[in-house]
Amino acid sequence: MQSLSTPPSAEVLAVRAGKQQSVQRMRQRSFKITLTFWSFIIPLMLGLTVFFYIPILWSVVLSFANARATLTPTSFVGFQNYREMLGDPEFTSSLVTFTIFAFFIVPTTFACALGLALLVNSIKIAQGFFRSVFFLPTACSYVLASIIWKMSIFNGSFYGLANAVIHNFGYDPIAWIATANPPWYWLVLVTVRLWLQLGIYMIIFIAGLQEIPRELYEAAYVDGAHKGWQTFYNITFPLLRNASISVLLLNVIAAFQAFDEFFNIMSGGNAILARPPLVYLYKIALSDQNYGHGSAGAIILTLIIVIFTLIQGRFLGFGRSN
Amino acid sequence: MDYQRYFNAAMNRRRFLQYTGALTGSAFLAACASTGSGGSGGGGNSSVPTLTQWYHQYGETGTHEAVLRYAKQYTKANVKVSWVPGTGNEYPDKVRAALLGSNAPDVFELPGPTVDQVKAGVIEPLDDIIADVKSDFLPASLKPLTINGKVYAIKMINDPTFVYYRKSMFQKAGLQAPTTIEELISAAKKLSSGNVKGLYVGPDGGVNALYLIAGWASGGDFISQDNKIAFNTDRMAAAYSKLHELNASGGLLPDAPTFWWDPSSFTQGQCAMQWCGLWAMPGITKVLGDDFGIFPFPALDSQSQPATIDGGWAEMVYAKGKNVQAAKDYVKWLWIQNSQVQIDWNVGYGFHIPPRVSISAQADKLKTGTASQAVDILNKYGHANPPLWDSTMDTALTDAVSNIVKKGANPLSELNRAADKCNTELQTLLS
């Protein structure tokens, strides 16, 4: 024990100097690490802020203002824009449209993706090839696929592909996209989205399937279970819960945000037949230049998606461990 | 300790890369910022002001070279021309978005000005340019360009629309050009056999092509002279229900690869008649020679007249630009004074009618045959909507007409509903 009166010995001084040095070095290193961290994060944050957060904030501001043909409004009108959008029959009917669309596309995609995943996963040879082939349409743009569906496959003239096929069965050509009754355009819209997004959801299901341990199946066969529906219903499907929930969630959100195929296929006087909210808001904000109404509509739509996702997550137990 | 040396060395290299990356990044941002503040007048004469001008991408060959030529001919300013691609509403949307920013074009074309643009102060009144020759324009040409009595755009081209028909097919069926909508429907039915149909009006049952024309053909109008919504009348309802009849008759070509403004279906013989515009006439003449004629969209009945729209494009000036007076002088030179440019632009590449009546009388190509018929149709039956009729009202009316034509909804109740919507919009604009 050293008293304060006696000067510290050389070893003690050396140790103290060593400690100071190492503390200094640690501070320097942590300073360098902090600097590195920030210099990587700042460009990212900058981009996010400028292109993501600021527009969202601006949009919220615009939704409370009377902004027609100007992005810097001077008069603020409180919740009037929201009231007008919710009272707009076209907006509410667009919400009904996309509910119908979700009602068609979500179960269909879910069932088809699951079926495809089961089939592809059980192939013994060239599994990678089939996975790639079904995934390939994901690389195709929605606009391109919409144009091909509209002008080539479901063309209303006698020489469209679908019309040529039904002609073989003796039917007259149908104007698939332009007819209101019966609403054939739903077939066009659902099939184009199905073709485009089946690959992604199939991959998610395949990943989920491959996580199921094989021993479970072997144990089930030993216990006398039949291959097929019994093992699927009792083993496969329950263990795919997380994958199923992700697929459902992603599917519903994507259906809410549907724009490309509607904008390109249902054009001109056909637009009224199936006009989802985003197409309507696009028209209001960018063609009519009513940015106040458009922003209010966008915020309403966002809130709907968020609430729906939360409810769905709650209901399906998303994130809960198995 | 070895790892520490390694760590230090790696950090140094990494730090060097970070700093150079940050430097280039900020230099890039700085460069972007500077080009946004109006580029200097490139390699031109620096004693005259620089103007930017936007055109939409016209389809006809030679149009791009022509506009560059006109810009070069003008010596009092350095005009930089942008040839902006996009179909349908894309070009107008791009212009409107640009008008909100700091890089708006000084001179640009649009179908017409809007009340919102005037309220926001982004477009310049052009009354002083047009004052001397105002009477030389058709009233229907000036109507969509005038707001509160001031003219905000100078018409560049006039585009009437009408029905083209195959003379040979009409002769074979023993038909004359229809004078009422009823006759048009029966002609379309009679001329349909097998894969050839009577009439093509677009892949949406004619809504986009005829939602205004059919109304005018009933003798009514959409906004009255005293600024009231005027289209929810019985006669208008009757006209639109005739469109529904046309759709149900089976005489329409249901679909085609192109919209009604492209005459391919007509020239390829898939329909005996097609709704199209003057711009298509040269292309049709090349394929069909003189085996075609035109007639305007027929009247609802003997109490009204046929109708066409006085469509086209008009030149406008950005009010908050740096050289507003120079831009106005340029527009005056192009579309008021320079008759040679006006004739060349209208009939040299595509086919349109010069808006100044005296100059359109000088164009040789418009003096004979079906072209002169088209000029006649425009002069006698041309209609247009005032700028108070904006795109919100357009959508409301299009939706109503779609419901009537496609779903067979009750015409008058649909029109009343649309009229309510339009009225709310109108009151907002008038306030």
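The model is predicted, so local features need pLDDT of at least 70 and side-chain atom pairs count only at pLDDT 80 or more, while totals for chains, interfaces and linings use all residues. Residues are numbered from 1 along each chain as its sequence is written, chains are lettered from A in the order in which they are written, and side-chain values use heavy atoms, with hydrogens and water left out.

**Chain B overall**
- Chain B has 19 helices and 13 strands, where helices (H or I, at least four residues) and strands (E, at least two) are DSSP runs numbered from the N terminus.
- Of its 431 residues, 53% count as buried, a term that means under 20% relative accessible area, with exposed meaning over 50% and partly exposed lying in between (1.4 Å probe, protein chains only).
- Among contacts in chain B with a separation of 6 or more, 76% are between residues 24 or more positions apart, contact meaning heavy atoms within 4.5 Å.

**Nonpolar cores**
- The largest nonpolar core has 111 residues, and those with the most contacts inside it are Phe231(B), Met273(B) and Trp345(B); such a core is a set of buried Ala, Val, Leu, Ile, Met, Phe, Trp, Tyr and Cys residues joined through side-chain atoms within 4.5 Å.
- Helix α14 (residues 324-337) of chain B provides the largest share of this core, 9 residues.
- Leaving aside neighbours within four places in sequence, the contacts of Phe231(B) include Phe222(B), Met236(B), Trp389(B) and Leu397(B).
- A second, separate core of 45 residues includes Val192(A), Phe256(A), Ala274(A) and Ile300(A).

**Helices of chain A**
- Leu48(A) has its place in helix α1 (residues 10-63) of chain A, and at 34% relative accessibility Leu48(A) counts as partly exposed.
- Helix α5 (residues 142-153) of chain A has Ala145(A), Ser146(A) and Trp149(A) as buried residues.
- Seen down the axis of α5(A), its buried residues fall within an arc of 105 degrees, so they line one face of the helix; the arc is that of the directions from the helix axis to the C-beta atoms.
- The cover over the buried residues of α5(A) includes α7 (185-210) and α11 (260-265) of chain A.

**A buried loop residue in chain B**
- Thr180(B) lies in the loop between α7 (167-173) and α8 (181-190) of chain B, and Thr180(B) is buried, with a relative accessible area of 18%.
- Leaving aside neighbours within four places in sequence, Thr180(B) is in contact with Pro298(B), Ala299(B), Leu300(B) and Asp301(B).
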